[in-house]
Amino acid sequence: MARLPPLNALRAFDAAGRHLNFRAAADELRVTQGAVAQHVRQLEAQLGLPLFERLPKGVSFTPAGRGYHARIASAFQELRRATEALRPAPGKVLISVTPSFAAKWLIPNLPDFSASHPDIDLQILATENVSRFHGDGIDLAVRQGEPPFGAALEAMRLFRQDVIAVAAPSLIAGRALPLDPTTLADLPKLHDTHDLWPDYLQALSIEDQSGRGLRLSQTTLSIDAARAGQGIALVSRFLVTGELAAGQLVQIRPEVLSGKQNFYLLAARSKRRDPATQAVLDWFSSKAET
């Protein structure tokens, strides 16, 4: 039986053949150029024939070297495939969330998730549409609503719909907080699809006299418009904790409008849940309001 060449010599030959350059091969293997050249010389000596023609700016295959490299490269590729087949694939979890939840809560908290679960590939589908667990292939969903969500789903409340009024400091500059009803009524309002202003003003016995304000399709747009000083927004408190802490927004009245449309994490009922999905569910649970 023919004695096989050293593995390091074959690795150097494989890399040098793919790059046709000893320096590039050395960079890939994280060794010196001299080490690659020495390994190739040892391989050529053992085989008894040259594998490369040395050129001023690299190397080229000899006829024997070209044929040998094709088979060696194929063998290394098969080794890589065999190794990858044994390694557990990183857990992949697809979660469907609304664009506002994605932009204002999930993405800012992703560094914490990644640090806790570096082996999980969390994929985010941001959509206002109703996602189907089987039809769309999602594993988890975050939706705003009121239980029950269906017998096939488990629901865990993440955050209450505790709505507060916020504005940029520039919009209320020179005015005392909390804003008095007359000032609040006169300032422009930012409206989204939840249309919460009538209930909020009614709770304060305020009649809106301004008639001004933007109408936006998503809560995240209302938050961004509020930060830009375009008006007062009504938003769930947990969505603006970062902006409030940074002083980009301020709460202009102490009242909290509590609704029934709380935020829930939904998962398909299962006796044996995928470990990665369970880990994501547990992480959300650790972040939920008690």
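Ala, Val, Leu, Ile, Met, Phe, Trp, Tyr, Cys and Pro count here as nonpolar, Asp, Glu, Lys and Arg as charged, and the others, Gly among them, as polar. With that in hand, welcome to this predicted model, where local features need pLDDT of at least 70, side-chain atom pairs count only at pLDDT 80 or more, and totals for chains, interfaces and linings use all residues. Residues are numbered from 1 along each chain as its sequence is written, and side-chain values use heavy atoms, without hydrogens and water.

**The largest pocket**
- The lining of the largest pocket comprises 13 nonpolar, eleven polar and three charged residues.
- The largest pocket holds about 420 Å³ of space.
- Among its 27 lining residues, Thr98, Glu128, Arg143, Gln144 and His194 are the closest to the centre.
- At least two lining residues come from each of α5 (99-116), β5 (140-145), β9 (232-236) and β12 (262-268).

**Helix α8**
- Helix α8 spans residues 219-227, and its buried residues (under 20% relative accessible area, 1.4 Å probe, protein chains only) include Thr219, Thr220, Ser222, Ile223, Ala225 and Ala226.
- These buried residues pack against α5, β7 (162-167), β8 (189-190), β9 and α9 (241-246), with contact meaning heavy atoms within 4.5 Å.
- After α8 comes glycine 229, with a positive phi near 80°.

**Strands β1 and β2**
- Strands β1 (residues 52-55) and β2 (residues 58-61) run antiparallel and are joined by four bridges; strands pair if DSSP finds at least two bridges between them.
- A hairpin of two residues links β1 to β2.
- Glutamate 53 sits opposite serine 60 of β2.

Key: 1 Å grid on protein atoms, 1.4 Å probe; cavity = no way out; pocket = protein on both sides within 12 Å on 5 of 7 lines; lining within 4 Å. Points joined across faces, edges and corners; volume = space filled by probe spheres on them. Buried < 20%, exposed > 50% of the residue type's maximum accessible area, 1.4 Å probe, protein only.
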